[in-house]
Amino acid sequence: MNILAYTTLAIFLLAYFFIATNKINQIVVALSGAVIFIVLRIIDQESAFMAIDWNTIFLLVSMMIIINIAKTTGVFQYIAIKTAKICKGEPIALLIVLPMITAILSMLLDNVTTIVLLCPIIILIAVELGVSPVPFIICSALASNIGGTATLIGDPPNVLIGSRAGLTFMDFIYNAAPDIVIILIVFAFVSVLLFKKQLSVTPERKARIMRFDESKSLEDKPLLIKCCVILALTVVGFVLHGQLHLEASTIAMIGSTLLLLICGKDDIDEFFKDVEWGTILFFIGLFIMVQGVVDMGWIKAGTAILMDATKGNMPLTATLIIWLSGVVGAFVNNIPYVATMIPVVKEIVQNMGGEGINPLWWALSLGACLGGNGTLVASSAGVISASICTKNGFPIKFMDFTKYGALITVISLAITTGYVLIRYYS
């Protein structure tokens with residue numbers, strides 16, 4: 001390794017530190033790191049732009065546009081209120097069903113957006129029942145991360161892995177979703193055990209919930225119908241995109257473009273304003289930095305260390321990746337971690353070859369995404385849910401969330417380890 005290689009590693013680790021600790025805005029850090037890499041000729045301009053995964057970028061932007069249009073109809077508020085009425089205001093039932101609804105929506109939508117849309121309604125329902133919304137919010141945040149792990153589009157790390165590993169929407173459904181179904185069942189059972197003593201409600205409070213009129217939350221029914229049709233077609237497109245020989249990003253772009261054409265809005269700028277452009281720029285900077293690290297040979301070195309630690313034993317390698325990803329994901333943003341680990345796993349795949357290496361992608365995906373529940377600061381969904389709850393007068397402290405999140409993470413990683421070893425290596 002020459003001086004430039006060590007300089008590259010030092011800059012990358014420094015950037016990673018600032019991203020992980022959030023001492024400086026992570027978008028600024030990622031873009032600054034990318035600029036420094038280009039200026040120092042660690043990576044040339046052409047290679048830098050080629051390093052950007054446009055499949056990931058366009059998939060994220062297109063899905064954000066679809067969600068931004070759909071949320072103006074009030075459909076998410078309708079779902080939450082209708083769910084509360086179906087459960088007849090029973091808090092234990094709501095503690096199971098509301099997080100499950102959140103998990104299902106997070107499989108198809110960005111889990112942060114799902115939390116932003118559902119949290120205020122969940123708080124309202126809890127207040128009307130006369131109980132603290134904290135258990136419901138914590139469980140919903142945890143469920144959003146678990147649910148988002150099941151699909152290609154549910155969590156940004158999966159978008160990265162799917163694009164770089166050439167995995168389809170149905171690959172995630174077939175390989176990751178069964179594990180998530182098991183985890184959600186166990187999660188529901190554990191949630192009831194943890195919180196049932198805090199959820200005592202009088203019949204009068206339950207009656208107040210039954211008087212809610214969910215139909216009033218629907219603000220634009222014609223647009224709602226259009227959104228449902230386009231979203232359904234988009235999901236079908238995701239399922240079939242392998243057979244159609246189209247990338248998931250292309251399917252999402254078709255869906256968002258069609259919805260913009262038929263939404264009936266003259267001013268569509270509002271839908272673009274709510275796109276998380278900062279997140280998109282963060283990804284762009286990150287792609288460039290990671291490619292610079294790859295070009296300097298550090299990924300090969302990291303791969304050699306990992307393979308030496310496991311002596312090439314694939315079940316042990318998969319187990320190590322699951323728990324390493326889970327632990328790291330519990331303390332830092334899992335997006336830069338996954339972006340860094342993808343070349344490592346890819347290198348192992350290329351070195352070892354064979355069908356038996358494929359489980360390593362699921363080990364990385366499941367470990368990193370599920371690790372996001374480990375602490376309050378590990379995932380955007382957790383941070384935002386706590387912020388919304390605190391603003392409404394029900395503060396969620398770091399340890400209040402983490403003591404439950406860490407338990408669920410350990411249980412989830414243990415289930416995932418058993419799942420991967422039994423399914424792929426037994």
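V236 is partly exposed, with a relative accessible area of 44%. Buried here means under 20% relative accessible area, exposed means over 50%, and partly exposed lies in between (1.4 Å probe, protein chains only). This is a predicted model: local features need pLDDT of at least 70, side-chain atom pairs count only at pLDDT 80 or more, and totals for chains, interfaces and linings use all residues. Residues are numbered from 1 along each chain as its sequence is written, and side-chain values use heavy atoms, with hydrogens and water left out.

**View 1. A nonpolar surface patch draws on α13 and α14.** V236, L240, L244, L246, I254, L258, L261 and I262 make this patch of about 670 Å². V236 sits in helix α13. Both α13 (221-244) and α14 (248-262) supply at least two residues. Four residues come from α14, which gives the most. Patch residues have over 30% relative accessible area and no salt bridge; like charges are joined within 9 Å, and nonpolar side chains (Val, Leu, Ile, Met, Phe, Trp, Tyr) within 5 Å. A salt bridge is a side-chain nitrogen of Lys or Arg within 4 Å of a carboxyl oxygen of Asp or Glu. Areas come from the Shrake-Rupley method with a 1.4 Å probe; for residues, only the protein chains shown count as cover. Helices are DSSP runs (H or I, at least four residues), numbered from the N terminus.

**View 2. The second largest pocket has a volume of about 470 Å³.** Of its 18 lining residues, W298, G302, T340, M341 and V344 are the closest to the centre. At least two lining residues come from each of α1 (3-21), α17 (298-310), α18 (314-331) and α19 (334-352). The largest share, six residues, belongs to α17. The lining holds 16 nonpolar residues, two polar and no charged. Ala, Val, Leu, Ile, Met, Phe, Trp, Tyr, Cys and Pro count as nonpolar, Asp, Glu, Lys and Arg as charged, and the others, Gly among them, as polar. On a 1 Å grid over the protein atoms alone, a pocket is an open set of points with protein on both sides within 12 Å along at least five of seven lines; a cavity is a set where a 1.4 Å probe fits but cannot get out; lining residues have an atom within 4 Å of a point.

**View 3. The largest cavity has a volume of about 110 Å³.** Its lining includes α4 (54-71) and α9 (156-165), the elements that give two or more residues. Five residues, the largest share, come from α4. Among the lining residues are L59, M63, L108, D110, D155 and P156. Ten are nonpolar, none polar and two charged. Three cavities of 30 Å³ or more are counted. Grid points are joined across faces, edges and corners, and a volume is the space filled by probe spheres set on the points.
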